[in-house]
Amino acid sequence: MSRRLLGVIAAAVIGASTVTAAATMASAAPPVPAPPKAAIDFTSIVALNNCSGSLVRTPTAADTDPAMVLTNGHCWEGGEPGAGQVITNRSSSRTFSLLDSSGQRTLATLRATTVLYATMTDTDAALYKLNTTYAAIKQSYNTPALVMQTDHPTTGADLRVVSGYWKRIYSCKLDGFAYRVREAEWTWKDSLRYTSSCNVIGGTSGSPVIDAGTGKVVGANNTINESGGRCTLNNPCEVDEAGKVTVRSNIGYAQQTYNLATCIAPGTVLDLNRPGCEVPRGARSGRH
């Protein structure tokens with residue numbers, strides 16, 4: 001092959017490559033910037049006498065609906081519910097200290113009228129209905145409620161665990177999901193597992209687990225393996241589908257709340273028959 005012909009072929013190839021590259025650059029969409037992470041502070045956070053909690057609402061709640069507080073079932077004022085026990089629609093006069101955005105000042109004392117739901121079976125969660133509405137709290141204290149996410153979170157999510165009891169915010173990552181977490185007589189399903197950098201402590205129980213990307217509540221912080229014990233009080237273990245037990249010392253867990261959020265009907269009414277409501281009804285449901 002002659003040098004002249006080689007030069008012609010090379011020029012054609014280079015020209016075609018240039019055209020292709022130019023066309024690709026012209027057609028490529030500009031990169032979409034990642035959405036800013038929600039600013040997480042103590043807005044909507046409450047302190048209990050023994051735990052932490054948060055002022056929450058479902059995505060479809062009306063401003064005129066009675067407001068709710070989310071915490072753990074083991075923070076219920078009646079003591080730790082036994083395995084299989086579910087408390088529903090029980091009268092309550094529990095009080096909660098509503099914090100300002102800095103966490104250093106109490107804006108108000110909120111009061112419950114009803115324990116809508118509380119259990120330590122399959123999950124560890126409690127929802128209280130208050131004697132005031134979302135609109136009234138927003139008007140009086142300029143405090144909106146946190147929104148409860150209604151779908152399953154994903155591994156790797158950037159989380160914040162906000163403790164009203166300790167007035168401290170923990171930055172955590174979602175390591176994955178534990179098929180079962182067992183602690184003493186209680187077993188919880190599909191629990192959120194933190195990475196080892198999440199050093200939650202006693203008193204953080206009931207703290208909302210907030211997705212830093214959306215600002216929505218995805219769970220309620222509830223336990224950590226404190227000393228490497230196997231399935232004992234304060235030393236939860238994991239149990240997989242085959243029954244294998246794994247102990248993860250100093251690893252914390254939280255219980256998902258998307259399935260509980262779907263149980264709340266308009267007017268802040270507990271309806272366990274709503275589509276997507278997947279919490280236990282229990283053999284010993286208390287209605288007083």
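User: Where in the chain is serine 44 found?
Analyst: Serine 44 is found in the loop between helix H1 (3-27) and strand S1 (45-47). Helices (H or I, at least four residues) and strands (E, at least two) are DSSP runs, numbered from the N terminus. This is a predicted model, where local features need pLDDT of at least 70 and side-chain atom pairs count only at pLDDT 80 or more, while totals for chains, interfaces and linings use all residues. Residues are numbered from 1 along each chain as its sequence is written, and side-chain values use heavy atoms, with hydrogens and water left out.

User: Is serine 44 buried or exposed?
Analyst: Buried means under 20% relative accessible area, exposed over 50%, partly exposed in between (1.4 Å probe, protein chains only). Serine 44 has 1% relative accessibility, so it counts as buried.

User: Which residues is serine 44 in contact with?
Analyst: Contact means heavy atoms within 4.5 Å. Leaving aside neighbours within four places in sequence, serine 44 is in contact with Ser54, Leu55, Leu98, Thr143, Pro144, Ala145 and Leu146. A C-alpha distance is another way to look at the fold: serine 44 and serine 101 are 57 residues apart along the chain, yet their C-alpha atoms are separated by 7.8 Å.

User: How many residues does the largest nonpolar core have?
Analyst: A nonpolar core is a set of buried Ala, Val, Leu, Ile, Met, Phe, Trp, Tyr and Cys residues joined through side-chain atoms within 4.5 Å. The largest one here has 46 residues, and Leu110 and Phe96 are among those with the most contacts inside it. Strand S6 (residues 106-119) gives the most to this core, with six residues. A second, separate core has 14 residues, including Leu159 and Ile224.

User: What is leucine 110 in contact with?
Analyst: Apart from neighbours within four places in sequence, its contacts are Val46, Leu55, Arg94, Thr95, Phe96, Leu98, Leu130 and Ile137.

User: What share of the whole chain is buried?
Analyst: Buried residues make up 48% of the 288 residues. The secondary structure of the chain comes to three helices and 19 strands.

User: Where is isoleucine 201, and is it buried or partly exposed?
Analyst: Isoleucine 201 lies in the loop between strand S11 (186-194) and strand S12 (208-211). Its relative accessible area is 40%, so it is partly exposed.

User: Over which residues is the pLDDT below 50?
Analyst: pLDDT is the predictor's confidence in each residue, from 0 to 100. The chain averages 89, and 84% of the residues score at least 70. Over residues 1-27 the pLDDT is below 50, and this stretch has two contacts in the model beyond near neighbours in sequence. Where pLDDT is low, the predicted coordinates should not be read in detail.
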